[in-house]
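Good morning, and thank you for joining. I would like to take you through one model, beginning with a pair of helices and then turning to the chains and a sheet.

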There are 2 protein chains.
Amino acid sequence: MATATTEPNDLHNETNTWSVYTKTRSTINEQPLDNDELDKLTRYFHASMYLCLGMLYLKENPLLQEPLKKEHIKPRLLGHWGSDAGQSFTYIHFNRMIKKYDLDAFVISGPGHGAPGLISNFYLEGLYSEVYPNKSEDIEGLQKFFKQFSFPGGIGSHMTPETPGSIHEGGELGYSISHAFGAVFDHPHTIALTIVGDGESETGPLATSWHSNKFLNPITDGAVLPVLHLNGYKINNPTILARISEEELRSLMLGYGWTPYFVEGHDLESMHQAMAGTLEVCVQEILKYQKQARESGKVFRPKWPMIVLRSPKGWTAPREIEGHYLEGFWRAHQVPLPKVLTDPEQMKALETWMRGYGPDKLFTKEGKLIPELKELPPKGNKRMSANPITNGGVLRKPLRMPRFQDYGIKVDKPGSTHGPSMNIFAKLLRDIVKDNPTTFRVMGPDETESNKLGEIYKAGKKVWVNGYLPEDEDGGNLSPTGRVMEMLSEHTVEGWLEGYILSGRHGLINSYEPFIHIIDSMVNQHAKWIEKCLEVSWREAVSSLNILLTSTVWRQDHNGFTHQDPGFLDVMCNKSPEVVRIYLPPDANCLLSTMDHCFRSSNYVNVIVADKQGMHAQQSKSRSMLTPADHLQFLNMEDAITHCTKGIGVWQWASNDAGEEPDLVMAGCGDVSTQEALAATALLRHHLPELKIRFINVVDLFKLIQHGYHPHGLKDSEYTALFTSNKPVVFNFHSYPWLIHRLTYNRPGQEHMHVRGYKEKGNIDTPLELAIRNESDRYSLAMLAIDGLTKRLGNKGAATRQALLDERIRSMNYAYETGLDPEHYTDWKWPY
Amino acid sequence: MATATTEPNDLHNETNTWSVYTKTRSTINEQPLDNDELDKLTRYFHASMYLCLGMLYLKENPLLQEPLKKEHIKPRLLGHWGSDAGQSFTYIHFNRMIKKYDLDAFVISGPGHGAPGLISNFYLEGLYSEVYPNKSEDIEGLQKFFKQFSFPGGIGSHMTPETPGSIHEGGELGYSISHAFGAVFDHPHTIALTIVGDGESETGPLATSWHSNKFLNPITDGAVLPVLHLNGYKINNPTILARISEEELRSLMLGYGWTPYFVEGHDLESMHQAMAGTLEVCVQEILKYQKQARESGKVFRPKWPMIVLRSPKGWTAPREIEGHYLEGFWRAHQVPLPKVLTDPEQMKALETWMRGYGPDKLFTKEGKLIPELKELPPKGNKRMSANPITNGGVLRKPLRMPRFQDYGIKVDKPGSTHGPSMNIFAKLLRDIVKDNPTTFRVMGPDETESNKLGEIYKAGKKVWVNGYLPEDEDGGNLSPTGRVMEMLSEHTVEGWLEGYILSGRHGLINSYEPFIHIIDSMVNQHAKWIEKCLEVSWREAVSSLNILLTSTVWRQDHNGFTHQDPGFLDVMCNKSPEVVRIYLPPDANCLLSTMDHCFRSSNYVNVIVADKQGMHAQQSKSRSMLTPADHLQFLNMEDAITHCTKGIGVWQWASNDAGEEPDLVMAGCGDVSTQEALAATALLRHHLPELKIRFINVVDLFKLIQHGYHPHGLKDSEYTALFTSNKPVVFNFHSYPWLIHRLTYNRPGQEHMHVRGYKEKGNIDTPLELAIRNESDRYSLAMLAIDGLTKRLGNKGAATRQALLDERIRSMNYAYETGLDPEHYTDWKWPY
């Protein structure tokens with residue numbers, strides 16, 4: 001075998017040498033700008049670039065009205081220069097379109113680390129000073145505006161919640177396009193100018209989100225105009241899309257269903273012409289497609305325009321500094337002259353560079369942008385920075401909620417009847433969809449039907465703008481005007497939902513429980529966004545992010561080990577208590593009450609865990625496999641509302657402590673887990689009737705944590721009134737058992753708390769066998785209780801324990817022999 | 001505005017009606033198969049299809065040698081039929097190529113739920129019976145083979161670890177291509193036949209993994225042949241790629257850098273010809289490109305071939321059942337005739353269908369595949385099911401490890417000198433790269449340089465097969481023969497690494513700590529894979545998955561709140577204790593010792609948390625911002641090895657309890673957190689010298705959990721010998737504090753354990769300010785200690801507490817004024 005050459009010559013990409021920048025190349029050969037407009041755009045752009053450098057470097061002397069000195073410079077230099085110019089350039093040019101076509105638009109900045117490029121614009125157009133009056137449009141305000149950037153007590157280097165005009169921070173990459181689509185769904189007149197960083201374009205979530213165009217209805221939704229900003233480099237590497245040939249890149253975008261337009265170069269004047277001409281073509285196309293669809297009333301999928309903007313990284317910086325490339329190279333990613341404080345040459349270079357933009361000609365002596373430039377951007381809410389969508393709570397109206405009580409299931413006696421909890425909730429959901437036809441959407445990767453929510457389709461089908469077949473009539477439930485959105489990318493559907501609620505609407509995502517981990521990081525980021533919004537006085541509350549987890553671990557016995565992971569709750573519990581809420585309703589009426597509460601709430605991440613099927617989806621004498629097995633129902637509507645309002649409580653009907661101090665507390669949290677805990681209680685009461693057992697159910701998980709750690713946390717006195725401080729507690733938990741110990745760690749009597757849950761013991765199982773493997777089944781729970789009372793129960797306890805153990809072994813053997821669980825398990829009801 | 005039409009006619013996609021299947025269409029118009037070969041392929045395929053149905057339905061009567069009765073059928077029907085036929089078809093045809101071209105190949109099944117399609121083949125070619133002798137090639141073995149599928153105690157419906165020939169379960173979608181690439185890197189003679197499900201193709205991780213071709217060296221790496229298997233439907237929806245036009249799909253693949261070949265249809269005979277011809281072209285192209293590169297010694301990026309196979313979902317099933325479409329529709333996704341047990345018509349249909357494949361002519365009466373078909377597949381290790389790559393531990397050789405002690409830093413006195421821990425480790429890493437030139441790779445999203453590991457580039461640069469520019473000479477560190485792999489997709493680099501180690505090699509992934517959450521779910525799945533492998537006797541151990549988390553929460557003060565999330569440890573702690581290991585080495589020598597241990601280990605997921613910089617990357621009198629600030633160093637090499645071997649221990653040099661019972665235990669876990677705990681100890685000893693303090697450092701996190709819950713857990717006696725059972729413990733933890741409570745929940749004295757860590761309080765900060773916000777700084781820790789000893793310390797304690805509080809306030813104010821931390825913080829050393 002030949003040795004591989006390390007000569008890069010064999011791999012030279014002729015298309016993308018620096019020479020690509022030396023001549024402007026563009027798909028559109030027009031010269032729409034006259035000299036006056038060209039000059040103004042250039043000066044406005046320079047004003048923005050000047051502000052960007054000011055944010056990165058200066059704490060004093062904001063307009064360089066005196067020579068630059070060390071004491072004017074921030075002691076710690078932070079921030080990113082790399083994509084500032086390209087983003088600002090794009091923004092300024094889109095301003096021109098807004099004015100010319102009277103557009104309604106806002107901006108999403110994918111490469112969030114280039115925030116100065118946009119924040120500088122928000123300041124220039126006055127919005128920043130309107131929102132933050134002390135960052136006024138004068139020398140003093142400018143000094144504060146500069147200093148606060150990446151400074152303790154100030155604002156970060158992303159498009160953080162403190163930044164008006166932003167619904168997308170860009171701290172984590174990958175979600176710009178899905179957020180943009182989410183924000184324009186049901187906003188038919190809005191265009192989301194969406195800048196995609198070329199680093200971001202390598203991420204999976206972004207890569208697949210290009211396909212969002214197959215879910216956009218040109219009649220009832222707005223439009224997204226992506227600008228793929230190829231500046232060539234990430235932190236320390238070239239980017240993939242910047243180095244493939246233009247032919248490949250064009251194919252890729254065509255393949256994603258977009259019409260790509262290219263604007264490439266370095267020379268500002270010709271780049272202005274190219275960008276102006278190209279944006280105009282794009283806007284005209286968008287308006288044309290919308291008109292065509294809206295006038296004909298016929299939905300089609302246009303090959304929407306998008307722009308590839310290839311401008312050098314760190315554009316308008318010096319090309320070389322001290323023998324190293326700066327403009328057009330990865331060295332321009334962060335602070336381009338990092339040694340200004342210690343290296344007089346760099347200080348000099350910075351001053352020359354900054355003065356090169358001509359701040360004295362762009363701003364008045366008082367620090368105001370000169371009037372002729374001030375005229376350039378749109379006014380009022382036409383400014384992208386001021387679009388109400390970017391403070392979506394302003395637009396938000398409460399959902400029209402049907403009376404959830406009307407959907408309840410009749411429960412005469414607790415634990416004696418079955419009902420399909422999720423199907424019952426689906427009816428409520430159907431009517432929410434019906435009553436809120438333009439402000440509510442349901443998202444899911446591909447599982448809404450599987451999750452027993454198919455009833456929704458009577459009110460709103462699945463959005464599909466990607467070709468129909470005759471077969472689709474046969475239960476396909478597809479429609480271009482649907483209200484349910486499914487794509488097998490948790491990232492994309494979550495991004496859509498986040499964009500949808502951040503822009504003032506409502507929604508729900510439903511997912512198999514295990515695969516919600518795929519978007520751990522997205523939900524983390526959303527929770528962080530919301531938490532910061534709570535600290536920003538002008539941000540109005542947005543709808544909660546409602547995450548319904550179903551097809552849960554205890555009913556993934558048949559899909560196997562890979563489908564068993566209830567650990568999303570652990571991830572969520574680490575987020576801010578001001579933001580996170582977790583509910584595990586045990587039955588249908590509790591699910592209805594919980595969901596009603598969640599849909600009315602705002603500024604939370606609500607996680608609701610409820611399985612789609614009760615006992616067993618197996619064939620037994622009376623049932624066929626595909627009939628969903630129903631849940632055992634515990635509470636009538638009145639009791640359910642009371643219980644859910646409290647969030648935790650004693651189920652007197654299942655207890656026999658008769659208000660006295662019990663011998664044992666049995667607790668359940670989660671539908672399946674509660675049922676097993678009840679069955680364990682019944683076993684104990686059968687075998688050991690003298691035992692006084694108190695039964696507790698937990699709906700609102702944060703009730704368990706100490707008051708002060710979470711707003712829902714019980715006071716210790718309330719907690720011990722339920723759990724006692726000295727009696728053994730057997731707690732059967734839906735998820736990993738340790739989470740309960742984490743939540744109750746400093747509670748009185750914590751040493752008596754014995755928790756069972758899923759502990760990563762699974763394979764291809766039956767439901768009962770799966771529970772047994774994790775010692776979370778009725779027999780194991782009852783045995784655990786006896787173990788905590790050995791002395792008191794004596795020989796009778798030991799005999800009972802043995803009987804339970806025998807029964808557990810018999811159940812396991814039965815499963816191995818038949819593939820089924822015994823009917824006394826699948827048909828179990830509360831016997832008292 | 002016009003009302004949107006619900007008429008789907010406007011969206012009809014002419015290309016993709018059912019008619020696409022009625023005539024075979026293919027890029028290649030060849031008829032390479034003669035009638036005899038055609039007939040054999042068809043019968044072999046039918047044998048495979050028969051086995052698939054047998055796995056789904058039968059527990060007895062495996063060859064239908066008697067009429068099908070209810071008692072032959074499994075009582076619970078589980079499994080997936082949808083993609084079985086297409087996968088089997090592809091596999092069988094690639095067998096032909098293996099024989100013709102003497103290829104070395106294995107298969108990855110993206111749509112894992114179609115496992116019967118491949119498992120049936122593994123059985124037919126004899127491998128399954130070799131590995132599992134009781135699943136022999138006779139009636140009895142076949143009966144067991146059928147019954148075990150999706151049956152308790154048996155195998156799941158994916159390509160689980162129990163399945164020989166598999167390194168990719170496919171339980172979670174999205175990783176087929178990245179796993180395939182990982183497995184062929186440095187395996188120049190191997191081809192990974194990689195079946196991508198069209199559901200999977202919608203996921204983000206898969207979408208961006210197509211770009212892996214820009215990182216494959218045709219001289220030193222093997223090849224991946226993707227087969228995008230468009231069967232049209234997910235669980236309940238059409239798939240995006242199945243409904244876009246062929247023109248768009250072709251563009252998409254060209255844009256990703258592949259050469260697509262299309263094979264589409266339904267008629268088996270012509271499909272055989274089309275697939276045979278197309279695969280032959282693909283294999284010839286792969287071999288041609290490899291030859292060209294290898295003979296010339298010049299690396300280039302070929303436009304590698306890939307296949308779009310469009311076959312109906314549920315192919316070879318009846319087209320309609322009971323008035324509903326089955327073949328070619330989403331109803332064929334799972335068990336196609338779900339009511340066979342209760343519906344005699346369905347039972348009849350099943351029997352007719354199964355007999356239609358002609359089992360009596362395919363198998364002998366004894367249940368053996370007839371000899372002329374038995375001749376068809378390759379033999380021995382040429383069978384894809386037997387490729388040693390799929391049991392990578394067989395191929396694995398231990399890393400050549402330099403003596404890590406030689407890289408240590410000299411530490412004369414603990415806590416008095418600084419050193420760049422990560423840069424020191426980078427030198428060890430460099431030499432591991434050098435000494436293991438074809439069996440070790442380092443992966444990272446884009447951060448290896450930022451993470452201070454750039455020293456590696458002296459031994460192996462970054463792999464880049466995607467165009468070079470002159471600028472790359474200026475520190476670009478790119479090479480087609482590199483050993484470091486960076487792409488801004490955590491999913492892709494993690495997938496590569498998993499594929500690389502599962503196929504018998506070694507590696508490391510390094511990432512900023514917060515963004516490792518992006519691959520929570522992937523690592524979960526890998527941990528589950530490894531855990532199951534431990535239960536499979538013939539699976540040889542593979543290298544551990546080593547995850548180095550740096551740029552950690554406490555040094556993300558400047559990047560802000562979005563970059564602060566140390567919660568990956570919580571996710572990992574829920575995985576099986578047999579598999580997961582977590583280390584937080586406090587300094588350079590401990591890091592060296594820990595990494596040495598991890599690289600030598602196997603079958604673990606090792607998570608190592610260590611920051612890339614010590615105090616502060618800020619400008620101070622002596623430092624410029626870009627000089628990485630060094631870590632304080634605590635242990636000389638000998639002590640470090642002892643300490644890391646124990647995993648937890650008292651640091652006598654920092655304690656003043658002189659072997660007696662202390663008044664207070666101070667503990668640190670994590671480099672920055674340990675330093676703050678030490679500084680708190682120093683403050684206490686300064687202000688309250690009479691206080692006897694014991695200082696503990698934890699490297700191996702699972703030492704804290706009770707013995708029995710994890711193999712590393714201390715016995716209670718060992719634990720209390722360190723922490724006591726009744727003295728206050730102040731524990732400063734790197735991550736969220738509750739994890740420590742979860743780990744120590746039932747330890748003696750748990751009620752005296754006070755933990756501090758990150759509690760989601762951050763913004764744009766200084767390091768000390770960030771610690772203070774989370775009460776994890778030296779002042780807050782010392783105050784917490786005093787609070788635990790109020791009675792004992794009396795007035796002096798109160799006065800000290802006030803002094804500490806004042807100092808904390810002064811530090812906060814200093815940060816807000818200057819943007820910096822005080823020098824007594826940044827320059828702090830252990831004063832004793």
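In this predicted model, helices α2(A) and α11(A) lie roughly perpendicular to each other, because angles of 65 to 115 degrees count as such. The angle at which α2, residues 35–57 of chain A, packs against α11, residues 268–296 of chain A, is about 110 degrees. Their axes are 10 Å apart. On the side of α2(A), the meeting residues are L38(A), L41(A) and T42(A); on the side of α11(A), they are L268(A), E269(A) and H272(A). Sorted by class, this contact of α2(A) with α11(A) holds three nonpolar, two polar and one charged residues.

Let me move to the two chains. How many residues does the contact take from chain B and from chain A? Chain B gives 139 residues, and chain A gives 139 residues. On the side of chain B that touches chain A, the largest share is seven residues, from helix α10(B), residues 246–255. That side of chain B comprises 51 nonpolar, 55 polar and 33 charged residues.

Next, the symmetry. Chain B is superposed on chain A by a rotation of 180 degrees with 0.0 Å of shift along its axis, at an RMSD of 0.0 Å. The two copies are therefore related as by a two-fold rotation axis. The same surface serves both copies, in that 100% of the contact residues of chain B recur in chain A. Which residue of chain B comes closest to the rotation axis? That residue is G204(B), whose C-alpha is at 1.9 Å.

Finally, the sheet in chain B. This is an open sheet of six strands with mixed pairing, in the order β1-β5-β6-β4-β3-β2. At its edges are β1(B), residues 25–26, and β2(B), residues 104–109, each of which pairs on one side only. Strand β1(B) pairs with β5(B), residues 259–264, in the antiparallel sense over two bridges, and R25(B) stands opposite E264(B) in β5(B).

Two helices pack on this sheet. Helix α3(B), residues 84–101, touches β2(B), β3(B), β4(B) and β6(B), and its direction makes about 175 degrees with that of β2(B). Helix α10(B) touches β5(B) and β6(B); the direction of α10(B) makes about 145 degrees with that of β5(B). Thank you for your attention.

How values were computed
Residues numbered from 1 in each chain as written. Chains lettered and ligands numbered in written order. Predicted model: local features only at pLDDT ≥ 70, side-chain atom pairs only at ≥ 80, totals over all residues. Axes fitted to C-alpha atoms, helices over the stretch in contact; angles between N-to-C directions. Helix = DSSP H or I, 4+ residues; strand = E, 2+ residues; numbered from the N terminus. Parallel < 35°, antiparallel > 145°, perpendicular 65-115°, else oblique. Contact = placed C-beta atoms within 7 Å. Nonpolar A, V, L, I, M, F, W, Y, C, P; charged D, E, K, R; others polar. Least-squares fit on C-alpha atoms with pLDDT ≥ 70 in both. Pairing = 2+ DSSP bridges.
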